[in-house]
Amino acid sequence: MKDKEELRQGLKANPKLKKWLDYVIMNQRDARPRWYIRMLAPFYQRRGYGSKIYSSVRMDTPPYHNFSLGKRSVIESFSCINNAVGDVIIGDYTRIGIHNTIIGPVTIGNHVNLAQGVVVTALNHNFKDTSLGIDEQGVSTQPVIIHDDVWIGANAVILPGVTIGKHVVVAAGAVVTKDVPDNCLVGGVPARILKDLNPQTV
């Protein structure tokens, strides 16, 4: 971990080397790791005992950042996992549902269930400079954290910078734009608290 951080800092100090390495690792047109990097992924990814990633999952996980999947966790079919701009850390006994998209830096806890079509993204495209095209302005990131024991309903969207507390239910189709405290049900666009799930207050 420390060695990888030292390597990152060294590359930042040498932009020409970083650019060349980026070209070698990433297919610039497709914005994903080249085929030979994808073949090596099992050697640098961390996967816990009994975990499973279905063969149709698009694993855009170059070795720039960490990817780890906890024990007995599953990433289901047709999902896309991308750690090109930040770590993707998934805990134990967690299920990433069919056709999910996760773009780091994202940390997901233990016993978390994401239903179908959920998007969790820590990435935004910059767009404030109207003299440049949006695709010329780069990207920015704000980490997303999803704590333990969370259920996120189908087609929900979790936006950059959001932290979701423990024992939270996010209703189907919700767009979560701000932090969610522990023990509640949220829903809507933008999402708001619909119910307190704390047994002491219910």
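**Exercise 1. The core**

Which residues have the most contacts inside the largest nonpolar core, and how many residues does this core have?

*Solution.* Keep in mind from the start that this is a predicted model. The largest nonpolar core has 34 residues, and those with the most contacts inside it are I152 and I164. As a next step, look for the elements that give two or more residues to this core: they are β6 (67-69), β9 (88-90), β12 (106-108), β17 (144-146), β18 (150-152), β21 (168-170) and β23 (184-187). Then turn to I164 itself, which, leaving aside its neighbours within four places in sequence, is in contact with residues including I145, I146, V150, I152, I158, V170 and V180, and also with H147. As background, nonpolar side chains tend to be buried together in soluble globular proteins.

**Exercise 2. Buried or partly exposed?**

Decide how V112 and Y36 are to be classed by their relative accessibility.

*Solution.* Begin with V112, which lies in the loop between β12 and β13 (113-114). V112 counts as buried because its relative accessibility is 0%, and buried means under 20%. Leaving aside neighbours within four places in sequence, V112 is in contact with Y93, T94, R95, I146, H147, D148, D149 and V150. A further distance can be read for V112 and K166: they are 54 residues apart along the chain, and their C-alpha atoms are separated by 9.6 Å.

Continue with Y36, which is found in helix α3 (residues 35-44). Y36 has 32% relative accessibility and therefore counts as partly exposed. Together with W35 and M39, Y36 makes a nonpolar surface patch of about 370 Å².

**Exercise 3. Backbone angles to check**

Locate two cis peptide bonds and two residues with a positive phi that are not glycines.

*Solution.* Recall first that most residues other than glycine have a negative phi, and most peptide bonds are trans. The bond from G104 to P105 is cis, with omega near 5 degrees, and P105 has its place in the loop between β11 (101-103) and β12. The bond from V189 to P190 is also cis, with omega near -10 degrees, and P190 is in the loop between β23 and β24.

For phi, take N155, with a positive value of about 65 degrees, in the loop between β18 and β19; N155 is exposed, having a relative accessible area of 52%. Then take H167, whose positive phi is about 50 degrees and which lies in the loop between β20 (163-164) and β21; H167 is partly exposed, with a relative accessible area of 36%.

Terms used: Residues numbered from 1 in each chain as written. Predicted model: local features only at pLDDT ≥ 70, side-chain atom pairs only at ≥ 80, totals over all residues. Heavy atoms only, no water. Patch = residues over 30% accessible without salt bridge, like charges linked within 9 Å, V, L, I, M, F, W, Y side chains within 5 Å. Areas by Shrake-Rupley, 256 points an atom, 1.4 Å probe, with all protein chains shown as cover. Salt bridge = Lys/Arg side-chain N within 4 Å of Asp/Glu carboxyl O. Helix = DSSP H or I, 4+ residues; strand = E, 2+ residues; numbered from the N terminus. Buried < 20%, exposed > 50% of the residue type's maximum accessible area, 1.4 Å probe, protein only. Core = buried A, V, L, I, M, F, W, Y, C linked by side-chain atoms within 4.5 Å. Contact = heavy atoms within 4.5 Å.
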